[in-house]
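Trainee: I am new to this structure and would like to go through it with you. Could we begin with the side chains?

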Amino acid sequence: MKRVLFVCTGNTCRSPLAEVLFRDLTRERDDYEVGSAGVGAFSGQPASRHSQELARQRGLDLSGHLSRAVTVDLVDAATHIFAMSRSHLADLLDDYPDAEDKMYLVSEFAAEDELRGRDLTDPFGGSLEDYRETLARLERLLPSVFNYIEQTWKPSAGDAR
């Protein structure tokens, strides 16, 4: 089972959008579990209004999303962790150095040079257009994330896949 975790700050904007988009990208696959969390999240907060609206416009549902903080259990369970920015990646590496081999920047494998290695800007507090730009970038980045996982996946001894 591939367990993918997307991480941002508060788990109300970027990582929930990444989660719902990636879940849709892998909807016909039963070997993926997708989640999200935040390095500075207060648990139990809904996804931002703009994130919910943009997901709804694509036929996706974030209405039941509740934020959660990154925990050792989430990190241990994940096979792949994708941070929205270098600062999130640094926080994760500081707190969970033993999991470094499964942590990446969400743009690390981008096919487009202009996106590769760049932080995904936080739209928090911004306009619907700011969120739309974040969503558009995620839609360009996530196929490369999927391709990376598919091309490099090596099941563990206890994994039937």
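Trainee: Is Tyr148 buried or exposed?

Mentor: This is a predicted model. In it Tyr148 has a relative accessible area of 19%, which is under the 20% limit, so Tyr148 counts as buried.

Trainee: And what about Phe109, at 22% relative accessibility?

Mentor: Phe109 counts as partly exposed, because 22% lies between the limits of 20% and 50%.

Trainee: How many aromatic pairs are there?

Mentor: The count comes to nine aromatic pairs. In one of them, the ring centres of Phe22 and Tyr32 are 5.9 Å apart and the planes stand at 70°, so this pair is edge-to-face.

Trainee: Which parts does the pair of Phe22 and Tyr32 tie together?

Mentor: Phe22 belongs to helix 1 (residues 14-25) and Tyr32 to strand 2 (residues 32-38), so the pair links parts ten residues apart in sequence. Both Phe22 and Tyr32 are buried.

Trainee: How are the rings of Phe109 and Tyr148 arranged?

Mentor: Phe109 and Tyr148 form a stacked aromatic pair, with 3.8 Å from centre to centre and 10° between the planes. Phe109 lies in the loop between strand 4 (103-105) and helix 5 (128-152), while Tyr148 lies in helix 5, so the pair ties together parts that are 39 residues apart in sequence.

Trainee: Which residues form one aromatic cluster?

Mentor: The members are Phe6, Phe22, Tyr32, Phe82, Tyr104, Phe109, Phe146 and Tyr148.

Trainee: Changing topic, which residues touch the most other members of the largest nonpolar core?

Mentor: Phe6 and Phe22 do, in a core of 32 residues. At least two residues of this core come from each of strand 1 (2-8), helix 1, strand 2, helix 2 (49-57) and helix 5. Helix 5 supplies the largest share, nine residues.

Trainee: What does Phe6 touch, leaving out residues up to four places away in sequence?

Mentor: Its contacts include Ala18, Phe22, Val34, Phe82, Met84 and Leu142. There is also a second, separate core of 15 residues, with Ala37, Val75, Ala83 and Ala99 among them.

Trainee: How do helix 1 and helix 5 cross?

Mentor: Their axes come within 10 Å and cross at roughly 55°. That makes helix 1 oblique to helix 5. The crossing of the two helices is right-handed.

Trainee: Which residues meet where helix 1 and helix 5 come together?

Mentor: On the helix 1 side they include Arg14, Leu17, Leu21 and Phe22. On the helix 5 side they include Leu135, Leu138, Leu142, Phe146 and Ile149.

Definitions and conventions:
Residues numbered from 1 in each chain as written. Predicted model: local features only at pLDDT ≥ 70, side-chain atom pairs only at ≥ 80, totals over all residues. Heavy atoms only, no water. Phe/Tyr/Trp six-rings, centres within 6.5 Å; stacked < 30°, edge-to-face > 60°. Helix = DSSP H or I, 4+ residues; strand = E, 2+ residues; numbered from the N terminus. Buried < 20%, exposed > 50% of the residue type's maximum accessible area, 1.4 Å probe, protein only. Core = buried A, V, L, I, M, F, W, Y, C linked by side-chain atoms within 4.5 Å. Contact = heavy atoms within 4.5 Å. Axes fitted to C-alpha atoms, helices over the stretch in contact; angles between N-to-C directions. Parallel < 35°, antiparallel > 145°, perpendicular 65-115°, else oblique. Left-handed = near helix turned anticlockwise from the far one by under 90°.
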